[in-house]
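Colleague: I have not looked at this structure before. Could you take me through it?

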2 protein chains.
Amino acid sequence: MTERILYDYFRSSAAYRVRIALNLKELDYIQAPVSLVKGEQQGAAYLALNPQGLVPALSDNGVLLTQSLAICEYLDEAYPDTPRLLPLEPVARARARAIAQSIACDIHPLNNLRVLNYLKGELGVGDESRNEWYRHWITQGFAALERLLADTAGSYCVGDNVTLADVCLVPQLFNARRFAVDLAPYPRLVAVGEALERLPAFAAAHPSRQPDTPPA
Amino acid sequence: MTERILYDYFRSSAAYRVRIALNLKELDYIQAPVSLVKGEQQGAAYLALNPQGLVPALSDNGVLLTQSLAICEYLDEAYPDTPRLLPLEPVARARARAIAQSIACDIHPLNNLRVLNYLKGELGVGDESRNEWYRHWITQGFAALERLLADTAGSYCVGDNVTLADVCLVPQLFNARRFAVDLAPYPRLVAVGEALERLPAFAAAHPSRQPDTPPA
């Protein structure tokens, strides 16, 4: 019997991506919450499991996997018989990966909790400047993505099938809304995001619906 | 006849990765330098080509590709008959990708020129604190990588074949040395890096040997 454990945190964007991917791939999993706010990701128990001290990690039948995009691609390759997260044609795959990475490499790392904590603690950057920092990297990244999607999008980021690009877009839109970023300049991103959020795989992965989500 | 143009900058880590990958894949290319210091990546001509305004981009027979890791994986999939950048087995692929992404998502984005410029310009962070910021993210990331490689490394990051992980490691070690990060705590990374730097594909991609490298 398959045992699949996702080391998870309800509000982690990277964990949110893996939840969506697992749902799209129709794979069962148990969630093991790791509280980033309490610092559990730096505790000895979790570090023994994942020396990077970052969430998410996925244990798939005893094999521990890290890095959200690497986990998603692993799921796609290890379980090819459920819906594909990447198209089969090399250029289309490159388009989906480029959009995913423009979020995962150019936007999200700058807005991580550990980075905001460093800005506040070590550099003494105040609340308003930290929020501006957050919004700056999102708006710069979203402006580029909005132009990119003019060439690639159908119903979703790349054509009419859900891909790894969509898996990354929805959590980033959630973050943007949380920090009150004005999304009016990005109508394509918003339209694609709304179409995606209606799909059960995305809805079930939402941060408001996880085992460790605090009561409203 | 194949036309392959790499939009490049000698000191860009992400471009350095793609140069290594093209060399490992034994693919010819023309280099078109885009000066990040002069801001050419934000000029109208380059933005028309790559709306993200980031280097590198690769034109492969007229198809424009962006994001360094997406480009590397495209090369591996579109040209399967030259040496592979990823192993064939899903767990080994996931290991190589996780190491690549721990550099490309968790270390490098925080130390980009555009980020250092924002710290200086918008946040007024001084030289010494900016250098500490730079070193902080490298040392945190390298400490995790050093532990990871205990499980995965052979001669190179993942076993005894060069992979996408190695393509990312060497440029990140170059950056670390440039900012005088003490590498003594990371003997595995240093040993693997030295083995890689001896390979012609890596040596030819070094920032000191590019068409736009300034005279010494």
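Predicted model: local features only at pLDDT ≥ 70, side-chain atom pairs only at ≥ 80, totals over all residues.

Colleague: How many helices and strands does chain A have?

Modeller: Chain A has 9 helices and 4 strands. In sequence order the pattern is β-α-β-α-β-β-α-α-α-α-α-α-α.

Colleague: And what are its dimensions along the principal axes?

Modeller: The C-alpha trace of chain A spans about 50 × 45 × 35 Å along those axes. The radius of gyration is 17 Å, which agrees with the value near 17 Å for a compact globule of 216 residues.

Colleague: What share of the residues of chain A counts as buried?

Modeller: Of its 216 residues, 58% count as buried. The accessible surface of chain A comes to about 8,700 Å², and carbon and sulfur atoms account for 53% of that area.

Colleague: What about contacts in chain A between residues at least 6 apart in sequence: what percentage joins residues at least 24 apart?

Modeller: That figure is 67% in chain A.

Colleague: How many positive and negative side chains are there in chain A?

Modeller: Chain A has 20 positive and 24 negative side chains. The centres of these two sets lie 3 Å apart.

Colleague: Let us change topic to the backbone. Which peptide bond of chain A is cis?

Modeller: The bond from A:Val55 to A:Pro56 is cis, with omega near 5°. Most peptide bonds are trans. A:Pro56 sits in the loop between helix 2 (44–49) and strand 3 (57–60) of chain A.

Colleague: And in chain B, which peptide bond is cis?

Modeller: There, the bond from B:Val55 to B:Pro56 is cis, with omega near 5°. B:Pro56 belongs to the loop between helix 2 (44–49) and strand 3 (57–60) of chain B.

Colleague: Which residue in the loop between strand 4 (63–66) and helix 3 (68–78) of chain A deserves a look?

Modeller: A:Gln67 lies in that loop. Although A:Gln67 is not a glycine, its phi is positive, at about 70°. Most residues other than glycine have a negative phi.

Colleague: Is A:Gln67 buried or exposed?

Modeller: A:Gln67 has a relative accessible area of 10%, so it is buried, the cut-off being under 20%.

Colleague: What is phi for B:Ala180?

Modeller: Phi of B:Ala180 is near 55°, again a positive value in a residue other than glycine. B:Ala180 is in the loop between helix 7 (164–178) and helix 8 (187–197) of chain B. With a relative accessible area of 61%, B:Ala180 is exposed.

Colleague: Where in chain A is A:Gln41?

Modeller: A:Gln41 is in the loop between strand 2 (30–33) and helix 2 of chain A. Its relative accessibility is 15%, so A:Gln41 counts as buried.

Colleague: Which residues does A:Gln41 touch, not counting those up to four places away in sequence?

Modeller: On that basis, A:Gln41 touches A:Val34, A:Ser35, A:Leu36, A:Tyr46, A:Leu47 and A:Gly53.

Conventions
Residues numbered from 1 in each chain as written. Chains lettered and ligands numbered in written order. Heavy atoms only, no water. Helix = DSSP H or I, 4+ residues; strand = E, 2+ residues; numbered from the N terminus. Rg over C-alpha atoms; globule rule 2.2 N^0.38 Å. Buried < 20%, exposed > 50% of the residue type's maximum accessible area, 1.4 Å probe, protein only. Contact = heavy atoms within 4.5 Å. Areas by Shrake-Rupley, 256 points an atom, 1.4 Å probe, with all protein chains shown as cover. Lys, Arg positive; Asp, Glu negative; His and termini not counted. Charge placed at Lys NZ, Arg CZ, Asp CG, Glu CD.
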